[in-house]
Amino acid sequence: MTAVGRAVVVGASIGGLLAARALSETFAEVVLLDRDGLPAGPAARRGVPQGRQLHVLLARGRQVLEDLFPGLGAELSRRGAPTVDLHGEVHWYNDGHRMRRAPSTLHAFGMSRPLLEDAVRERVAALPGVRIVTEVEVTGLTTTEDRRRVTGVRTRAGDGRVGALAADLVVEAGGRGSRSPHWLADLGYRPAPEERVDVGITYVTRAYRREPGQLDGLLGALANAMPGQPRGGIVAPQEGDRFAVALSGMLGEQPPTDDHGMAAFAATLPAPQIAELLRTATPAGEPARMRYPASVRRRYERLRRFPAGFLVIGDALCSFNPVYGQGMTVAALEAQLLRTLLRRGPDRLARRFFRRAARVIDGPWSISVGTDLRFAEVAGRRTPTVRLVNAYVHRLHAAATDDPVLGAAFLRVLNLIDPPTRLLAPRIGWRVLRGARPAPAVASAGDGGGQRPSASSMAR
């Protein structure tokens, strides 16, 4: 296929960079516009306030990025990102139950968000026909006279100059602060139906020096929030011989930022390794706090009217509760989908993309939302099936204390390798019923647990 035309991507963060990679195979010119001045290396920036927080790229996301950028994994390793066996090298605590560890082929990279974004940005910038233009804000869309097709974007430069850039396709990847609903309203289009789940998350991340013997020699630890205990914590390795520790609270819980307060907060978690690390490790940076009020999903696939030549992708399409680490992986899957659809031609692209993207989002969204709905304070519909399956999954975590097959099955679903329904397979169900324990395990410095797939994700 011969590349022709111009595509414009609004936003040069992870979602926008991945979209540009997908577009570069079809369009002769791809222009990314970002209102920030982008750093020359891996560094946090104003337009990505979450960049200082702990980020997780799920195993499925790692696979997709390697498909989009062959050799990226090896490059990240050269730049200091450790590889982690998610089943064998992490203390997982689910609902207070310690998961039994076992060696696995389920691997992830430990790295900061700025390192990943820098590595991806370098590769995208090197693609033929791709330009990244900084310190330019997109203020709206240009269209044909009948407003049925988007023809480009209106811009305002950092020095106040206004202008316009023509495009055959505009992809908005502006993140959680997406302006697409306002731009479309200005053109007379109805807003997309929204699903919103208020969770009131506050999380604090701080980096510490990573030294031998910490975490009992493992590379991570995780304890999830659960009803009656709306607190969680995670430790993950990063480049530069660091551990990043993130403490989270929902429904108004506020993790502190001082040393003593963070250690005391962590001491209330089922994973003792997290509090021990906070008490003994040497800080390698200042703590960063961020608040996340709600998960939001915009249902563009349900609109009967939508302009041609325009797409929305990444967090601008669906913004997930960050404690589940799904956002970057879903953005990668959407970019992979966009590349596939463009190879089949541009006809009715928006309808095809939004419908297929909805299927990509369904699984992780149901995991995220369904898990949040375990908390009585979170508004949402809970069917009898949801309650029944939630009880089943709780028993799975209890049984996974002794049975590594159950732990492996859970981690494959959590990492979006397998669909949530896989946990209901007969061979898994038999092991759950055979091995479940009636009460959470006592916390110790052994194996561990984490956030879990929910009832609604398996009752679909």
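**Exercise 1. What is the handedness of the crossing in which α8 passes α9, right-handed or left-handed?** Then classify the pair by angle and describe the contact.

*Solution.* The model is a predicted one.

Step 1. Locate the helices. Helix α8 covers residues 327–343, and helix α9 covers residues 349–372.

Step 2. Find the handedness. α8 passes α9 in a right-handed crossing.

Step 3. Read the angle. The two axes come within 10 Å and cross at roughly 150°.

Step 4. Classify. Angles over 145 degrees count as roughly antiparallel. α8 and α9 are therefore roughly antiparallel to each other.

Step 5. List the contact. From α8 come Val 330, Leu 333, Glu 334, Leu 337, Leu 338, Leu 341 and Leu 342. From α9 come Leu 349, Arg 352, Phe 353, Arg 356, Ala 357, Val 360, Ile 361 and Pro 364.

Step 6. Sort by class. This contact has 12 nonpolar residues, three charged ones and no polar ones.

**Exercise 2. At roughly what angle do the axes of α2 and α8 cross?** Name the class of the angle, then the residues that touch.

*Solution.* 

Step 1. Helix α2 spans residues 59–68. Its axis comes within 8 Å of the α8 axis, and the two cross at roughly 40°.

Step 2. That angle makes α2 oblique to α8.

Step 3. The crossing of α2 and α8 is left-handed.

Step 4. On the α2 side, the contact uses Arg 60, Gly 61, Val 64, Leu 65, Asp 67 and Leu 68. On the α8 side are Thr 329, Ala 332, Leu 333, Ala 335, Gln 336 and Arg 339.

Step 5. By class, there are six nonpolar, three polar and three charged residues.

Step 6. Look back at Leu 333. This residue of α8 contacts α2, and Leu 333 is also part of the α8 contact with α9.

**Exercise 3. How do α10 and α12 lie to each other, roughly parallel or roughly perpendicular?**

*Solution.* 

Step 1. Helix α10 runs over residues 384–399, and helix α12 over residues 426–435.

Step 2. Their axes come within 8 Å and cross at roughly 70°.

Step 3. Angles of 65 to 115 degrees count as roughly perpendicular. So α10 and α12 are roughly perpendicular to each other.

Step 4. α10 contributes Tyr 392, Arg 395, Leu 396 and Ala 399 to the contact. α12 contributes Ile 428, Gly 429, Arg 431, Val 432, Leu 433 and Gly 435.

Step 5. These residues divide into six nonpolar, two polar and two charged.

**Exercise 4. Which element gives the largest share of the lining of the second largest pocket?**

*Solution.* 

Step 1. The pocket has a volume of about 550 Å³.

Step 2. Its lining has 29 residues, and Gly 309, Pro 346, Arg 348, Leu 349 and Ala 350 are the closest to its centre.

Step 3. Two elements give two or more residues each: β17 (310–312) and α9.

Step 4. α9 has the largest share, with five residues.

Step 5. The lining has 16 nonpolar, five polar and eight charged residues.

**Exercise 5. How many charged residues does the lining of the second largest cavity have?**

*Solution.* 

Step 1. The count is six cavities of 30 Å³ or more.

Step 2. The lining has six nonpolar residues, five polar ones and no charged ones.

How values were computed. Residues are numbered from 1 along each chain as its sequence is written. This is a predicted model: local features need pLDDT of at least 70, side-chain atom pairs count only at pLDDT 80 or more; totals for chains, interfaces and linings use all residues. Side-chain values use heavy atoms; hydrogens and water are left out. Axes are lines fitted to C-alpha atoms, for helices over the stretch in contact, and angles run from 0 to 180 degrees between N-to-C directions. Helices (H or I, at least four residues) and strands (E, at least two) are DSSP runs, numbered from the N terminus. Angles under 35 degrees count as roughly parallel, over 145 as roughly antiparallel, 65 to 115 as roughly perpendicular and the rest as oblique. A crossing is left-handed if the near helix is turned anticlockwise from the far one by less than a right angle, and right-handed if clockwise. Contact means heavy atoms within 4.5 Å. Ala, Val, Leu, Ile, Met, Phe, Trp, Tyr, Cys and Pro count as nonpolar, Asp, Glu, Lys and Arg as charged, and the others, Gly among them, as polar. On a 1 Å grid over the protein atoms alone, a cavity is a set of points where a 1.4 Å probe fits but cannot get out, and a pocket is an open set with protein on both sides within 12 Å along at least five of seven lines; lining residues have an atom within 4 Å of a point. Grid points are joined across faces, edges and corners, and a volume is the space filled by probe spheres set on the points.
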